[in-house]
Amino acid sequence: MNVLHQIETYFQLTVQYGILLMECVGVVILLTTAVKSIWGILSRDPHVRLTLAKGIALSLEFKLGGEVLRTVIVREWSELAILGAIIVLRGALTFLIHWEIKTEEANLQ
């Protein structure tokens, strides 16, 4: 039984570090995109909205990946319900941002 407990502990740590990595990558992408977009506004880049939308979408994908990974270690139904709501919300945001990207790309052509 001790070996199974060690495996479970190792698995939980691995998942938690994976979640942390996904969340951090999402934040770094979002901050980098924000700085690039501010620079684009100052230099009057006509594609700044598209750049910002693509960066936000990519960042949300990483954050969503972290939430999906978090479902592996959920222990209670209430946690799963909250996590499901977060995943649905982030999925809807991603869908809307991809729609905005397509609209913006069509406007630029």
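Tutor: Let us start with one residue and its neighbours. The model is a predicted one. In it, Thr94 touches Leu60 and Glu61, leaving aside residues up to four places away in sequence.

Student: In which element is Thr94 found?

Tutor: Thr94 belongs to helix H3, which covers residues 77–108.

Student: Is Thr94 buried or exposed?

Tutor: A residue counts as buried when its relative accessible area is under 20%. Thr94 has a relative accessible area of 5%, so it is buried.

Student: How much of the chain counts as buried?

Tutor: Of its 109 residues, 25% count as buried. The chain exposes about 8000 Å², and carbon and sulfur atoms supply 71% of that area.

Student: How many helices and strands are there in the chain?

Tutor: The chain has 3 helices and 0 strands. Read from the N terminus, the order of elements is α-α-α. The radius of gyration is 18 Å, well over the 13 Å given by the globule rule for 109 residues, so the chain is more spread out than a compact globule. Along the principal axes, the C-alpha atoms fill a box of roughly 65 × 25 × 20 Å.

Student: What may be said of contacts between residues at least 6 apart in sequence?

Tutor: Among such contacts in the chain, 75% join residues at least 24 apart.

Student: How many positive and negative side chains does the chain have?

Tutor: There are 9 positive and 10 negative side chains, and the centres of these two sets lie 6 Å apart.

Terms used:
Residues numbered from 1 in each chain as written. Predicted model: local features only at pLDDT ≥ 70, side-chain atom pairs only at ≥ 80, totals over all residues. Heavy atoms only, no water. Helix = DSSP H or I, 4+ residues; strand = E, 2+ residues; numbered from the N terminus. Rg over C-alpha atoms; globule rule 2.2 N^0.38 Å. Buried < 20%, exposed > 50% of the residue type's maximum accessible area, 1.4 Å probe, protein only. Contact = heavy atoms within 4.5 Å. Areas by Shrake-Rupley, 256 points an atom, 1.4 Å probe, with all protein chains shown as cover. Lys, Arg positive; Asp, Glu negative; His and termini not counted. Charge placed at Lys NZ, Arg CZ, Asp CG, Glu CD.
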